There are 2 protein chains.
Amino acid sequence: MSKQSRVVHVICLALVWTGAAMAPYANAQTSNAVHAWRAQHEADIVRQFADLLSLPNVASDKANIQRNADRIVELLAARGIEARQLPEAGAPPIVYGELKTPGATRTIGIYAHYDGQPVDTSQWASPPWRVRLLDAPLDQGGKEVPLSALPARIPAEARIYARSASDDKAPIQAIVSALDALKAAGARPSVNLKFFFEGEEEAGSPHLPEAFKQYRDLLAADAWLLCDGPVHQSRRWQIHFGARGITDVEVTLYGPARVLHSGHYGNWAPNPGAQMANLLASLRDRNGKILIPGYSDQVRPLTASEQGAIKAMPDVDAQLKQELALGWTEDEGEPLGMAITHPALNIRGIQVGNVGNKSQNAISTEARASIDFRLVPDQTPERVRQTFEAFLTKQGYWITHKEPTLDERRQHARVVRLEWGPGYPAARTSMDLPVAKAVVASMQAISKDQIVQAPLLGGSVPMYLWTDVLKVPVIGLPIANHDNNQHGANENLRIQNLWDGIEIFAAIFTGVDGNWPK
Amino acid sequence: MSKQSRVVHVICLALVWTGAAMAPYANAQTSNAVHAWRAQHEADIVRQFADLLSLPNVASDKANIQRNADRIVELLAARGIEARQLPEAGAPPIVYGELKTPGATRTIGIYAHYDGQPVDTSQWASPPWRVRLLDAPLDQGGKEVPLSALPARIPAEARIYARSASDDKAPIQAIVSALDALKAAGARPSVNLKFFFEGEEEAGSPHLPEAFKQYRDLLAADAWLLCDGPVHQSRRWQIHFGARGITDVEVTLYGPARVLHSGHYGNWAPNPGAQMANLLASLRDRNGKILIPGYSDQVRPLTASEQGAIKAMPDVDAQLKQELALGWTEDEGEPLGMAITHPALNIRGIQVGNVGNKSQNAISTEARASIDFRLVPDQTPERVRQTFEAFLTKQGYWITHKEPTLDERRQHARVVRLEWGPGYPAARTSMDLPVAKAVVASMQAISKDQIVQAPLLGGSVPMYLWTDVLKVPVIGLPIANHDNNQHGANENLRIQNLWDGIEIFAAIFTGVDGNWPK
């Protein structure tokens, strides 16, 4: 988009989308200056981001997670932010920062996380923390562009490949670069800003509730932006008003105490792999419908306005089915936007014996499966556990939460070991929050497309901590592309999404106060 | 057992078990001499066996499998056997040998295989081809006895740990040592002997049918002994009159073309792990009953005498359930001896995503499962494939036998890739074969317990090739202990079973002609 055309539609859309009651954000001059600064510094921004991404960041890797925290404090401090680490026993440090604006009356907090999902290196095309820029997506034959020889302008469809390139270091880099751009433009935020970057979100944020209680006063704000997850699959910018909750369980079933020959003992000795198939199949029918009695009792229906917002979302099902090579979808073919407002039960993994060249004519000693549950309001992890365990008990399983002894295995026909993760509930708040209107207006001022407003994010972020513990409004503001391989191998960020993120943060920082509903 | 008490019961049992019409085998003097020779050479025998076991022997490992064949030819040649390798294009060589006895009128062939199951090294307590002697089973705290410092007498319950210690190099070592013992005793076989040692049994013997046709004349004999598998779980010696057949299939199901975040796409994008659970659960109910329509149509009922033989087998179910820490058994609790006369469908492995610390909140791109089918007379691999595929088709699966294209995945809701192994049918022959009576009588002459006669071995060996291709009687003669971790990690041979094997072969080689029914 040329600078000239940007100016034109910024003016038009400001009239159309922000409404008569809201002053259009700061001014087009600042947004143009931010845009121009970004265009002039693309290579620098990418190199700076690559530096951050090169630090391994699995939450359980204490030494490296500390290096990430230290680096982010440096990045914030270099932008004049009062930054420090908030200690939390047993947890990676929280990186906290404040940027005060003289005369500002409102405070906006911004959450992101700097840890990433564990990696299965064997599945990656290149090591997860060797950052690579490809000039197109990997699966479209993207070629590596050496970071030492970046061109001045980087193609919008280029991608940065590394763990957490999108989830969730992308917002951190976008914020830092937005502040650089604003400084260069001689502009400053219209509100006070607080930053809260967590280091164990992908481990289920086990210490976050405690931290929120401990630092409640520090975290006081008019509203928080929770920056995680991807934008809409149509590539339109998006905000969301809630997120599914999550809990997870590791399931172990037991076969014979030693591996047995499948000929000499097959169809006599119980096969734990077959048992696992039966157990998992009992949880969901072949169309994905969850069969656990009582599992969905707590589900709160969508309001009419939430249903309307979902209907207004761009229809991406056909595009996604093409892109993902899918011949069908679960949930009775409900559109994606609606499906993710329902509970999910996802098989993360199954491991029994071996397959392919390594398969052996043998009966395994155990079978393992890993499940994550996506909760919607008002489901609770406690109730999910309860209904799940009651269902297995009803099927004749004897449940234990630790490794069963051989005697326990002898005494009970069907023994199942369940190891539950911590988990947290979903949250879904009103679509009429003042901060939502202010953020949408600020973003809309620099976007030619209508911002997508989703009642619920399919992914899980602990938004309930803001609504239920801090008692502060929170809305979700993602910047990553949807096709980012988040949580999988070859995670990546589309370059245009990084550019958009920088401009979105600059627009919100400068525009949110002026766009706040009177 | 002391030498004196052996003599006594050999005499008694010869009267009881061999029947009036059969001359008791050669003489007790030879059997005592064999026993004494073995007792005097225990350390030497173990070291010689360890040398053979130290050669890696997975059929697909061409260089090492050749080293095995070369070594076995040397071992046979050193005993005066005319030994050579029979080439078979694309297959590991067959080791073939002949030992002629002047004046003998009968010829007995002996089959074993020198290749072993693939290994999952991570599951082994020590590397599979680093041979270790433990003074007791590993799971009972057995301590390693260095091969360089073996005592003169080795405890009967000591175990040799290595791939193929039991399956199926044990008979090869027992034969070689039996010939050494007979030579030392000044005795010689009463029949001509032929040896046929295969190198790809664990890969499903894909070239064996062709080899049998090609070498039909060479393999002419009055009967063959097929030496594979374990003895009875009661530790009694055993012969068997048939074996289950086998075929196998690798099953792949497909999810999205790239790994997806389980929150943003969970319960919309099909989860291949959940689909696999549904597919596998459709094949067997939770008690192990096979649900594939038509699967058991070809099953031939047991005769009254076969049923009688099974009833006469020692009851080992309670002992095994204790040993294996099982709280129940499949096949409606049928005793093991009866259960293995029924078809089996064994899940060898399932692999989807990751579990435990490596699990990711993600939807996998594919799910794989590996199945082996154990066939009973008169099931055929062709019919198994046909009923299996028809059943999946009926469930709405689109079947392909190669990697589906993305377009094929888009066009069909449920795509399954099936990769079938070669497979072969079961065989079950008459329990009244002359060779069976001669072998039982020869063994009975040196055993205090009644020999177990099983209509069918649960494991698979291609006995049909003898009955259907060579048209020669065949009976199964195993020597390994049942608790040998065959096909799994930490495969082992109980030392007493090696000693028994040596004495059994010596007894049969010298006694079978005299015990042949007139």
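1. A definition to begin with: helices (H or I, at least four residues) and strands (E, at least two) are DSSP runs, numbered from the N terminus. The expected span of a helix is 1.5 Å times one less than its number of residues. Helix H8 (residues 272–283) of chain A, with its 12 residues, reaches 17 Å from its first C-alpha to its last, close to the 16 Å expected at 1.5 Å a residue.

2. Some housekeeping. This is a predicted model, in which local features need pLDDT of at least 70 and side-chain atom pairs count only at pLDDT 80 or more, while totals for chains, interfaces and linings use all residues. Residues are numbered from 1 along each chain as its sequence is written, and chains are lettered from A and ligands numbered from 1 in the order in which they are written.

3. Back to H8(A): is it enclosed or open? Because 11 of its 12 residues are buried (20 or more other C-beta atoms within 10 Å of a residue's own, with C-beta atoms placed from the backbone), H8(A) is largely enclosed by the rest of the structure. Among the buried residues are Pro272(A), Met276(A), Asn278(A) and Leu283(A). Their cover includes strand E10 (242–254), E12 and strand E14 (366–375) of chain A, together with helix H8 (272–283) and E12 of chain B.

4. Now the chain interface. In chain B, 85 residues are in contact (C-beta atoms, placed from the backbone, within 7 Å) with 85 residues of chain A. Strand E12 (residues 344–353) of chain B supplies the largest share of chain B's side, 9 residues. E12(B) also pairs (at least two DSSP bridges) with strand E12 (residues 344–353) of chain A, in the antiparallel sense over 5 bridges. Within E12(B), Gly353(B) stands opposite Gly349(A).

5. Do look at the largest nonpolar core, which has 307 residues. Such a core is a set of buried Ala, Val, Leu, Ile, Met, Phe, Trp, Tyr and Cys residues joined through C-beta atoms within 7 Å. Helix H16 (residues 495–515) of chain A gives the most to this core, 11 residues. Val439(A) and Val439(B) have the most contacts inside the core. Beyond neighbours within four places in sequence, the contacts of Val439(A) include Leu225(A), Ile475(A) and Ile508(A).

6. Finally, the domains of chain A. The assignment (bounds from an automatic or database source) gives domain 1 (3–100 + 108–241 + 429–515) and domain 2 (244–299 + 342–420). Their centres, taken over C-alpha atoms, are separated by 37 Å. Contact involves 6 residues of domain 1 and 5 residues of domain 2. Strand E19 (residues 457–460) of chain A gives the most to the domain 1 side, with 4 residues.

Key. Two residues are in contact if their C-beta atoms, placed from the backbone, lie within 7 Å.
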